[in-house]
Amino acid sequence: MFIDTHCHLSGEDYDDIDKIIEEDKNAMVDKIVVSGCSKESIEEVLVLKDKYDIVYATLGYHPEYASIITEDDLNYLKKILDNEKIVGIGEIGLDYHYGKENIDKQKWLFESQLKIAEELNLPVIIHSRDATLDTINILKKYRVKGIIHCFSGSLETANIYIKMGFLLGIGGVLTFKNSKLKEVVKEIPMESIVLETDSPYLTPVPFRGKQNSSKYLKYIAEYISDIKDIDIDEVSKITSRNACNLFDFK
Ligand code: NI
């Protein structure tokens, strides 16, 4: 049994979502946590979580939309979060990859959503790209738990997040040739790791180049099992337990 703690599932990317869900189930995927992180995808995910038993949702506005999200949008988000299949807020965070011109707006959006998470006691899925220091400093101001999604930083950064109580989302990047993440994963405790695909992006080897989906989780788990020299069942068991504890899955 595997749990995909972070992926996207939009009609824009997949022609046949029924088929994708069926394939996921056949690949021993027990639950998938789908992130709606734009105005449009939030509406799609609200429908998907009701349609499919294995689909759970995290909703929140991604930093790339910082310039268009308003106070009204945040009020709307807060209103729809109260649902047993919505298990967190995200992905939210900071992204300086394409520049910092809207840095104040990004920080405002990030902190506004952290306040909601704190108030509603919901886990957060953190997107941080080229913004490690600001992300850490902002997270320190709030009493929140969650996942550093698609973690690919240094061991030093990993240890800071772990000490703050965060889990690290490990996905396809681990399987890429020359990925420095292997060294990091070797050193961090299994209790701090959850699996994610971030599909349709970041497809693991040996399927790199194809469209990703949760059915490939086992290839990420296999890499972890090799790196840490433990059985793949152990990887599945511990990472699923970590996810269940965070999201309060029964
Ligand atoms: Ni994502």
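**Entry 1**

I looked up the bridge partner of Ile32 and found Val55, in strand 3. The model is predicted, so I kept to its terms: local features need pLDDT of at least 70, side-chain atom pairs count only at pLDDT 80 or more, and totals for chains, interfaces and linings use all residues. Residues are numbered from 1 along each chain as its sequence is written, and side-chain values use heavy atoms, with hydrogens and water left out.

Strand 2 (residues 29–36) and strand 3 (residues 55–59) run parallel and are joined by five bridges. Strands pair if DSSP finds at least two bridges between them. Strands here are DSSP runs (E, at least two residues) and helices likewise (H or I, at least four), numbered from the N terminus.

I then checked burial in strand 3 and noted that five of its five residues are buried (under 20% relative accessible area; exposed is over 50%, partly exposed in between; 1.4 Å probe, protein chains only). In a regular strand the side chains alternate between the two faces of the sheet. On one side of strand 3 I listed Val55, Ala57 and Leu59, and on the other Tyr56 and Thr58.

**Entry 2: strands 6 and 7**

Strand 6 (residues 146–148) is joined to strand 7 by two bridges, and the two run parallel. I found Leu168 of strand 7 as the bridge partner of Ile148. Strand 7 (residues 167–170) is covered on both faces, with Leu167 and Gly169 buried on one side and Leu168 and Ile170 buried on the other.

**Entry 3: Val144**

I placed Val144 in the loop between helix 5 (132–139) and strand 6. Val144 counts as buried because its relative accessibility is 12%. Leaving aside neighbours within four places in sequence, I recorded contacts of Val144 with Leu114, Ala117, Glu118, Val124, Leu139 and Phe166 (contact means heavy atoms within 4.5 Å). I also looked up Phe2, 142 residues from Val144 along the chain; their C-alpha atoms are separated by 25 Å.

**Entry 4: helices 2 and 3**

Helix 2 (residues 39–51) packs against helix 3 (residues 71–80) at an angle of about 15 degrees, with the axes 13 Å apart. That makes the two helices roughly parallel (angles under 35 degrees; over 145 is roughly antiparallel, 65 to 115 roughly perpendicular, the rest oblique). Axes are lines fitted to C-alpha atoms, for helices over the stretch in contact, and angles run from 0 to 180 degrees between N-to-C directions.

From helix 2, I noted Lys39, Ile42, Glu43 and Leu46 meeting Asp73, Tyr76, Leu77 and Ile80 of helix 3. By class, this contact has five nonpolar, no polar and three charged residues (Ala, Val, Leu, Ile, Met, Phe, Trp, Tyr, Cys and Pro count as nonpolar, Asp, Glu, Lys and Arg as charged, the others, Gly among them, as polar).
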